[in-house]
Amino acid sequence: MNDKPQLKFTNTLTRQKELFAPIDPKNVRMYVCGPTVYDFAHIGNARPVIVFDVLYRLLRHIYGKEQVTYVRNVTDVDDKINARALRDHPDLPLNEAIRLVTEKTAAQFHADVKKLGCLEPTFEPRATEFVQPRPDGKADMTSLIQKLIENGHAYEEQGEVLFDTQSMPAYGQLSKRNLDEQQAGARVAVESHKKNAADFVLWKQSSPEEPGWESPWGRGRPGWHIECSAMSAAYLGETFDIHGGGLDLIFPHHENEIAQSCCAHGTTWMANVWLHNGFVQVEGRKMSKSEGNFVTINELLDTEKFGDRKWPGEVLRLAMLMTHYREPIDFSVKRLEEAERLLAKWPPIEERVDVSKVDQTIIASLADDINTVAAVQALHALAQKAATDPSAMQAYAATASLLGVGPVAVSVSDDVLEHVSTKIVQRLELLKAKNFAEADRIRDELLAEGIQLKDSKDAATGERITTWEVKR
C-alpha cells in the first residue's frame, strides 16, 4: 500500500521526533523488556505492556498482522529466583526448578495482561532457555559473551567476565552519559578486579551452594543485561526496528544492551528506534512497599485494596492511555473513576468488527508518537455519535478495537434473556406498588449474577424504562 500513514516517534537515541522507516516493511520487528517473574507484576509494569500493545496493534494495522514480529521476554534468571529454586527443589535441574518457582507468577502475569486487553506477543522467550548454546542455533548468552571476549570487549577476572566499557568509544550514546565523567564522578573506589568503574558483569561465578550453569568460565550465572541482548538477537536479528521499555531502563540496562550487542555483532546500532514510557506514581507519591502504596495488577483487578473496590481491566487500560506515554502518570482512584465514567458513556461493541472501518483521525493521532490522549478524545466523540447514529457504529467499534478499549457486548442465552426480562417486569410492578425494598432485592440479586439494570424515563410518557447489560 502506498497510502500508509507516516509514523513519527520520539527516539530516545536522538532525543528527536523522527519519521519511522522499518528496515524491512515485510517484517517490522519490535522488542520490549518484559517482567521479572520473582513476584506479581505491579501497576508500573502494566504501563509499558499497555503502551507497546497499542503500538503493536498500530503496526499490525498499517503493515499487516503477518508482517510484524513482537518479542517480549520473561526474565526468570534472577538471584532471588535462583536461590528459591535451589532451596525448594534441590534435586531438580536448575531450569526445571526455576520453572516450578516462577510458574505461578508468570501465569498470573499472563492472566493480568489478558484482562488489560493486551494481545499476546509473537514470541515470549524465557531467559533460562537462552543461557547456554541451543540445539536450534539461535543466539545465546554464553556464545555472545565468548564473542565479546574474542573481539576484545570483555575480560575474565576473579571468576567474573566483565564488559570493558573503555573498549567502546560510543558507550553512553543512549543515556548521554559521558564515560570520563562517570569515572571521575564515581563515589566509590573501583573494585580491584575491574579495569574501569563503569565495567559491568556479563557472567558471575556461583559457589557450590548457589545455582548456576556450566560455562567456559566455570559454573556461574549471567548478568542481567546480557539476557535481552541474546533473546532479541535470537528472534529479531542483530539489528531491528524498535526497542521499548520504561524510562528507568535507559541506564544502565538499555545502555549496556547496546554495548554488548553492537560489540558482539560488529554493528553500529542494536535497534534504530528506542521508545521509553514515563514513570508511574500512585496518588502523587513514588510507588514503594515502604510507602504502603505498592499495588499489583492482580490486586487492582481482583481485590478491594485500591479505592475499596475491584477495577475492570478496560478501566485500568483506558486510565493509562489518557496520559501520553512519555509523560509521568499519577495513578489514582480519581483517574480510574474518570476512565470508568467515560467508558459508561460509550455504546457496547459487538465481537465482530470490520477493522477496515477504523477512523483515520485516530490513526493519525497514534501515528504521531503514539498520541493516545488525542486518540481517546477522538474515540469519545465517535462513541457519542455512534450512540445515536447507527451508521457510525462500525467506525467506532473498529477504532475502539484498535486501541483495545471499549465496553464489549456479551452474548447471552435465550434462557438468560427470559430470566432477566421476567425479573425486570416483577421489579417494575414492585416499584409501582412502592415496595422499594423488594425491588432493590431483585436489582441486587441480578447484579450478583453479573446483570446491571439501568433505569431511565420515556421522553414522551415519563414512564420508567429499565434496560440492562452484562457487567464484566
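Which residues in α4 meet which residues in α6? The legends below take up this contact together with other views of the predicted model.

**View 1. Contact of helix α4 with helix α6.** Helix α4 spans residues 141–150 and helix α6 spans residues 224–236. On the α4 side, the residues in the contact are Met-141, Leu-144, Ile-145 and Leu-148, and they meet Ile-226, Glu-227, Ser-229 and Ala-230 in α6. Sorted by class, this contact of α4 with α6 has 6 nonpolar, 1 polar and 1 charged residues. The axes of the two helices come within 9 Å and cross at roughly 105°. An angle of 65 to 115 degrees counts as roughly perpendicular, and α4 and α6 are therefore roughly perpendicular to each other.

**View 2. The largest nonpolar core.** This core has 78 residues, of which Leu-55, Leu-59 and Phe-331 touch the most other members. Helix α1, residues 43–63, supplies the largest share of the core, with 13 residues. Apart from this core lies another, of 46 residues, which includes Leu-13, Leu-144, Ile-226 and Leu-236.

**View 3. Surroundings of Phe-331.** With residues up to four places away in sequence not counted, Phe-331 touches Ile-43, Val-280, Gln-281, Val-282, Glu-283, Leu-300, Phe-306, Leu-316, Ala-319, Met-320 and Leu-336.

**View 4. Val-51 in helix α1.** Val-51 is placed in helix α1. Buried means under 20% relative accessible area, and Val-51 counts as buried because its relative accessibility is 7%. Between Val-51 and Pro-390 there are 30 Å in space, C-alpha to C-alpha, and 339 residues in sequence.

**View 5. The annotated motif at residues 35–45.** An unreviewed UniProt entry carries the annotation "short sequence motif: 'HIGH' region" for residues 35–45. Over this stretch the chain is 27% helix and 0% strand. The C-alpha atoms at the ends of residues 35–45 are 7 Å apart.

**View 6. The protein as context for the close-ups.** The protein has 15 helices and 15 strands. Along the principal axes, its C-alpha atoms fill a box of roughly 85 × 55 × 45 Å. Of the 472 residues in the protein, 49% are buried. Among contacts between residues at least 6 apart in sequence, 71% join residues at least 24 apart.

Technical notes
Residues are numbered from 1 along each chain as its sequence is written. This is a predicted model: local features need pLDDT of at least 70, side-chain atom pairs count only at pLDDT 80 or more; totals for chains, interfaces and linings use all residues. Side-chain values use heavy atoms; hydrogens and water are left out. UniProt positions are given in the numbering used here, feature names are shortened, and annotations may be inferred rather than shown by experiment. Helices (H or I, at least four residues) and strands (E, at least two) are DSSP runs, numbered from the N terminus. Axes are lines fitted to C-alpha atoms, for helices over the stretch in contact, and angles run from 0 to 180 degrees between N-to-C directions. Angles under 35 degrees count as roughly parallel, over 145 as roughly antiparallel, 65 to 115 as roughly perpendicular and the rest as oblique. Contact means heavy atoms within 4.5 Å. Ala, Val, Leu, Ile, Met, Phe, Trp, Tyr, Cys and Pro count as nonpolar, Asp, Glu, Lys and Arg as charged, and the others, Gly among them, as polar. A nonpolar core is a set of buried Ala, Val, Leu, Ile, Met, Phe, Trp, Tyr and Cys residues joined through side-chain atoms within 4.5 Å. Buried means under 20% relative accessible area, exposed over 50%, partly exposed in between (1.4 Å probe, protein chains only).
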